[in-house]
Amino acid sequence: HSLTIRSSFHRIDQILTADPSLANPKTLSVFQETFKEKYEQACATHASEFLELIGRVNPGLVPALIDVATEALERAGKFINDDAGFDRFRRYLSATENLLASNPTCIKEILASIKKDIKSTKDVVRSRALKTLYTILAYKPLLTPDSEYVSDIFKIASSMMEDKSSNVRRQATYLLSCLAKVSRQYLDTALKAAKKAMEDPDEYVRYQGIRAVIILSTSAYFYPEDLRNVLDAIIKAAEDQSQSSSVHRTAISCLLMLSRKEKFETEEEYQAFIKRLVPIATRGARDNDKYVRTGALYLISTVVSVDSKYAAQLLPTVLTSINNDMDKDNRALAIHTLDNILTAHPSYAKDKSVRKALDAASHDARQDVRAKATALLEHYGLEYGALQTQPTTSSSKNSTHTQASFSSHKFLCAQLDEIYSEVSGFNIPREETAFIESQGGASTYGEIIYDSMQSLIDKLAIQ
């Protein structure tokens, strides 16, 4: 299929090069009709190249081609959560940049059209106008202090912050944050817009307001006084349990971005900020959203690395994550966070709750969690399985039996790890599937029946 598409586009290239008159609005219309549902699929590479080809052959079509690229970006953006999706998105941005480079004078025409569209009474038209504005920002010369168009772009985005459509306000907030690297003047306005957006009744606008602060914090014009202006709003969003998960997790991500010492003017301000992170991290680690919990664990590591006096306060939260978090990535992160705490306070390793959590983690289903927990047990001189092997009576017979049981269990785990280290449950041989089904089983299920489990327990003398 991919070869067929590639061959087709190569032939189109030859035809248009031979007869430039075919690079016309009708050809573009046919292209849109054919590929409007496939912008996000594998043919995106060839589709973006096709747009560039028409632009080279007929520069006068660039404004219309930008409209097509905007639609393509909008579609591709919905599938940007993997490497392939991001690559397609990037290709359309690159095509846009090349189109405008081939005919930069058309930018004036595009901006005139946008200025007309933002006055429309239809929300969808105003929204599309700002999306087109975002598309042309792929052309990097637009975002320079000496650009003749940057002032117009800034005025358009600023004027839409009071729009009745939340979608338009969200896009305007983002556009202003993109302009912040041009000059200090634009950053001040963008910062005010971000702060206003964080108080918006619409959750997606609030989310974009926080994202804008993340973008602005990377600007060379972002100073400590700017941080002071927005910090309370960010912390409020991170503390507010009524916020949506997307707003909550983005606020925590923003706090992580802002947690570098150089962002603050004085040591006192930085230490006060770190102190405010403690309750946010504690609550966040218990949140229902996986990514909020992830961010909270990173906050804990940050706090402890800055001032280890908070380690004792945060230790129970980390142990709870190790013991109870259902997400394997978060359990692995919690183990690393515990390692940071124990590095700062080695004596905490003697605490029974720490030993219990590490011992349980040493039997975790995830190999790196088991390895890290075992390494910590060994590093701090804690006997592997010490809590399980402690006899409940003074009987040496019971003690010996328990130790033997644990040794058998440890041996079994080691053997199973070796047997299944390279085995995937998603690649069952055909002959094995046939055999299992001939015995009345199902190859895609791996439950062990009660009698078999009991036999295994009896054989290994596990209590």
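Begin by selecting Arg-184, which is partly exposed, with a relative accessible area of 23%. In this tour, buried means under 20% relative accessible area, exposed means over 50%, and partly exposed lies in between (1.4 Å probe, protein chains only).

A note on the basis of these values is in order. This is a predicted model, in which local features need pLDDT of at least 70 and side-chain atom pairs count only at pLDDT 80 or more, while totals for chains, interfaces and linings use all residues. Residues are numbered from 1 along each chain as its sequence is written, and side-chain values use heavy atoms, with hydrogens and water left out.

Helices here are DSSP runs (H or I, at least four residues), numbered from the N terminus. A salt bridge requires a side-chain nitrogen of Lys or Arg within 4 Å of a carboxyl oxygen of Asp or Glu. Is Asp-226 buried or exposed? Asp-226 is buried, at a relative accessible area of 2%.

Next, select Arg-276 and Asp-232, whose side chains meet in a salt bridge at 3.0 Å, N to O. Arg-276 lies in helix H14 (residues 267–284) and Asp-232 in helix H12, so the pair ties together parts that are 44 residues apart in sequence. Arg-276 is partly exposed, with a relative accessible area of 34%.

Select Glu-267 and Lys-261, which are joined by a salt bridge at 2.8 Å, N to O. Glu-267 is partly exposed at 31% relative accessible area, and Lys-261 is partly exposed at 47%. Then select Lys-290, Asp-327, Asp-329, Arg-366 and Asp-368, which salt bridges with shared partners join into one network. The count for the model comes to 23 salt bridges.

Finally, select residues 106–117, which make up helix H6. Which residues of H6 are buried? They are Cys-106, Ile-107, Ile-110, Leu-111 and Ile-114. These residues cover an arc of only 140° around the axis, and therefore sit on the same side of H6; the arc is that of the directions from the helix axis to the C-beta atoms. On the face turned away from this buried side, look for the exposed residues Lys-108, Glu-109 and Lys-116.

Conventions: Helix = DSSP H or I, 4+ residues; strand = E, 2+ residues; numbered from the N terminus. Expected span 1.5 Å × (residues − 1).
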